[in-house]
Amino acid sequence: QVQLIESGGGLVQAGGSLRLSCVPSERTFRYFTMGWFRQAPGKEREFVVAIRWSGGSPSYSDSVQGRFTISRDVAKNTVYLQMNSLKPEDTAVYYCAARTNSGLEYNYWGPGTQVTVSS
């Protein structure tokens, strides 16, 4: 069973930066779209950003546009989420997810990593 493993979460002050990583357990995602989602306490999970593993322009949510950057390293089989200018409202559990490029649903999810931004 394919697994997605996130890392890189932690506690940071407002205005600081963190980089999250997501590593699939298998190199089978050539035709997949990789996404990052987040869920804050008491709120529904929300989309953050997505990118095709094969490349192309990422799609960002308005709340992170200009502050967050998604990238992937094919050789390392890793997807990154660089988060800059962090705000307290970015505090959430961040999830890596994957779906087929033609699919609508994200079928694979990581366990999540906590990001806490202090004011």
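Modeller: What follows is a close look at the disulfide and then at the aromatic rings. This is a predicted model, so local features need pLDDT of at least 70 and side-chain atom pairs count only at pLDDT 80 or more, while totals for chains, interfaces and linings use all residues. Residues are numbered from 1 along each chain as its sequence is written, and side-chain values use heavy atoms, with hydrogens and water left out.

Searching the whole structure turns up one disulfide (a pair of cysteine sulfur atoms within 2.5 Å). Cys 22 and Cys 96 make it, at 2.0 Å from S to S. The S-S torsion is about -75°, so this disulfide is left-handed. Cys 22 sits in strand E3 (residues 18–24) and Cys 96 in strand E9 (residues 92–100), so the pair ties together parts 74 residues apart in sequence. Strands, by the way, are DSSP runs of at least two residues, numbered from the N terminus. Both cysteines are buried (under 20% relative accessible area with a 1.4 Å probe, protein chains only; exposed is over 50%, partly exposed in between).

Strand E3 also pairs with E8, antiparallel, through five bridges (pairing takes at least two DSSP bridges). Ser 21, for one, has Tyr 80 of E8 as its bridge partner. Five of the six residues of E8 (residues 78–83) are buried, so that strand is largely enclosed by the rest of the structure.

Back to E9, this time for its rings. Tyr 95 lies there and Trp 109 in strand E10, so their pair ties together parts 14 residues apart in sequence. That pair is edge-to-face, 6.5 Å centre to centre with 80° between the planes. (Rings of Phe, Tyr and Trp, using its six-membered ring, pair with centres within 6.5 Å; planes under 30 degrees apart are stacked, over 60 edge-to-face, the rest tilted.) Tyr 95 counts as buried at 16% relative accessibility, whereas Trp 109 is partly exposed at 30%.

The charged end of Arg 45 sits over both rings: 3.8 Å from the centre of Trp 109 and 5.7 Å from that of Tyr 95. Here "over" means CZ of Arg, or NZ of Lys, within 6 Å of the ring centre and within 35 degrees of the ring normal.

Ring pairs link Tyr 95 and Trp 109 with Phe 37, Phe 47 and Tyr 106 into a cluster.

Key:
Helices (H or I, at least four residues) and strands (E, at least two) are DSSP runs, numbered from the N terminus.
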